[in-house]
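Colleague: Hi! Could you take a close look at one part of this model for me, and walk me through its surroundings step by step?

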Amino acid sequence: PLLARLLRLWGLRVATMLNFARAALPRAAALLPARPLKRPHTAVAGAILGGGAVLSALSTQRRSGCEAEGKRERGLPLKMTATVVQGFGRGGKLLGCPTANMDMAQIGHLADTVDAGIYFGWAQVVNRDGELEEETSAPVYKAAISIGWNPQFGNDEKTVEPHLLHDFPEDFYGQDLRVMIVGFIRPEKAFESMEALIAQIRDDVRKTDAALENPRHKRLLEDDFWR
């Protein structure tokens, strides 16, 4: 009687766990009975084994996602310098997120070494005349960096367009821009509406701001690239 009572208690606990799994893991729920388990000790073993297969599949999916992100970040940080040129004028006027269009002729093959997507990194505007005081470097800002063809607008050319997290009083066309690409945020894609795109851009900026607070990324500000 004592052993039977313990088995029933164990079965009720497992039933609670499985019913929770049904709500949290829809794919696992397909392997469980349609109604909450009232006599779990007769069906627990098969459900646990089936759920293990689903959890294994979910683990594989997460691992594949991590591997894909790791592949995109190989070769980073990546440094590039180019002159800021006139772009399409969409960033500030249409999207509320002004970007600096880098001269792709100067970037050359470097753009092809990076998968299309949204990245975070650092950027520095440099006076082309070199009119900086001795032993003084121009400030370096956080930057959300779009690399690719902008599928929302169907560009013909792959571009590199950083958005610097700083309010500049005026445009800096004709100035050199140093960019260090540090990490990957997401692939580029087209959105169902302009509102959805703007919301995603704001989220990209928030993620950029948070990611670059990492001390490991902040140490990159000491790189000789900025001097």
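What follows is a look at one residue, its strand and the cores around that strand.

Colleague: I would like to hear about Met-180: where is its place in the chain, and which residues does it touch?

Modeller: Happy to! Please keep in mind that this is a predicted model. Let me begin with the whole chain. Its secondary structure comes to seven helices and six strands, and along the sequence these follow the pattern α-α-α-β-α-β-α-β-β-β-β-α-α. Of the 227 residues, 38% are buried. Among contacts between residues at least 6 apart in sequence, 71% join residues at least 24 apart.

Now to your residue. Met-180 has its place in strand 6, which spans residues 176-186. Met-180 counts as buried because its relative accessible area is 0%, and the cut-off for buried is under 20%. Not counting residues up to four places away in sequence, Met-180 touches Pro-77, Leu-78, Lys-79, Gly-121, Trp-122, Ile-145, Leu-220, Asp-223, Phe-225 and Trp-226. As for distance along the chain, Thr-81 is 99 residues from Met-180, while their C-alpha atoms are separated by 8.8 Å.

Leaving aside neighbours within four places in sequence, Ile-181 is in contact with Leu-76, Pro-77, Leu-78, Met-80, Tyr-119, Phe-120, Ile-145 and Ile-147. Ile-181 is also one of the residues with the most contacts inside the largest nonpolar core, along with Val-160 and Leu-177. That core has 25 residues. The elements giving two or more residues to this core are strand 1 (78-85), helix 5 (104-107), strand 3 (117-126), strand 4 (141-148), strand 5 (159-164) and strand 6. There is also a second, separate core of 10 residues, and Ile-118, Val-182, Phe-225 and Trp-226 are among them. Two of these names, Phe-225 and Trp-226, you have already met as residues that Met-180 touches.

To finish, a word on open space and surface. The second largest pocket holds about 190 Å³ of space. It is lined by 11 residues, and the closest to its centre are Val-125, Pro-139, Tyr-141, Phe-168 and Phe-172. By class, that lining has eight nonpolar, one polar and two charged residues. For the chain as a whole, the accessible surface comes to about 14200 Å², and 54% of it belongs to carbon and sulfur atoms.

Methods
Residues numbered from 1 in each chain as written. Predicted model: local features only at pLDDT ≥ 70, side-chain atom pairs only at ≥ 80, totals over all residues. Heavy atoms only, no water. Helix = DSSP H or I, 4+ residues; strand = E, 2+ residues; numbered from the N terminus. Buried < 20%, exposed > 50% of the residue type's maximum accessible area, 1.4 Å probe, protein only. Contact = heavy atoms within 4.5 Å. 1 Å grid on protein atoms, 1.4 Å probe; cavity = no way out; pocket = protein on both sides within 12 Å on 5 of 7 lines; lining within 4 Å. Points joined across faces, edges and corners; volume = space filled by probe spheres on them. Nonpolar A, V, L, I, M, F, W, Y, C, P; charged D, E, K, R; others polar. Core = buried A, V, L, I, M, F, W, Y, C linked by side-chain atoms within 4.5 Å. Areas by Shrake-Rupley, 256 points an atom, 1.4 Å probe, with all protein chains shown as cover.
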